[in-house]
Amino acid sequence: MPEEPKILILHLFKMDYQLRVLQDPWVQAKVIHTWLPSINNPRSDITDLLADSPSLKHHLRDAIAQSYPMARAEAVEQMNKYIHSPQKRLTASSFPDTCPWTFEQLMSLDLYP
């Protein structure tokens, strides 16, 4: 699986950051709708990949485990662009060491942080 798991995890982290950390009322009202395509597109791509290559299902845990550190690093880098206070900057330790979501949760249309 190429980039799709990483992109999905990265965008879930970024949406969660906007909703929970920034807590801007405008963002609260608008952010879900702007993030839906960037979260659901990788989900759809993953579903298509698995339909085309069912044998990939045996590698899902590995794909998530491999993608997670890269997604976490990109999330820290991208979100820190919006944090001006050095004390509030994110680090890798701002997120769990392993992916907090199972494959089923990542793919669930009900999962939006």
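Which side chain meets that of Lys-6 in a salt bridge at 2.9 Å, N to O? It is the side chain of Glu-3. A salt bridge here is a side-chain nitrogen of Lys or Arg within 4 Å of a carboxyl oxygen of Asp or Glu.

Some ground rules. This is a predicted model, where local features need pLDDT of at least 70 and side-chain atom pairs count only at pLDDT 80 or more, while totals for chains, interfaces and linings use all residues. Residues are numbered from 1 along each chain as its sequence is written, and side-chain values use heavy atoms, with hydrogens and water left out.

Back to the charges. Side chains of opposite charge can pair when their charged atoms come close. The structure holds 3 salt bridges. Lys-6 also bridges to Glu-74, with the closest N and O atoms 2.7 Å apart. Glu-74 is in helix α3 and Lys-6 in helix α1, so this pair ties together parts 68 residues apart in sequence. Helices are DSSP runs (H or I, at least four residues), numbered from the N terminus.

Buried or exposed? Buried means under 20% relative accessible area, exposed means over 50%, and partly exposed is in between (1.4 Å probe, protein chains only). Lys-6 is buried at 9%. Glu-3 is partly exposed at 43%. Glu-74 is partly exposed too, at 25%.

Next bridge: Arg-72 and Asp-97, 3.8 Å from N to O. Arg-72 lies in α3 and Asp-97 in the loop between α3 and α4, so parts 25 residues apart in sequence are tied together. Arg-72 is buried at 15%. Asp-97 is exposed at 67%. Shared partners join Glu-3, Lys-6 and Glu-74 into one network.

Now the rings. There are 3 aromatic pairs in the whole structure. Rings of Phe, Tyr and Trp (its six-membered ring) pair if their centres lie within 6.5 Å; planes under 30 degrees apart are stacked, over 60 edge-to-face, and the rest tilted. Phe-13 and Phe-95 make a tilted pair, 4.4 Å centre to centre with 45° between the planes. Phe-13 is in α1 and Phe-95 in the loop between α3 and α4, so the pair ties together parts 82 residues apart in sequence. Phe-13 is buried at 5%, and Phe-95 is buried at 13%. Ring pairs link Phe-13, Tyr-68, Phe-95 and Trp-101 into a cluster.

Last, α3 itself. Its buried residues include Tyr-68 and Arg-72. α3 bends by about 30° at Tyr-68, and Pro-69 follows within four residues. That bend is the angle between axes fitted to the seven residues ending there and the seven starting there.

Methods:
Helix = DSSP H or I, 4+ residues; strand = E, 2+ residues; numbered from the N terminus.
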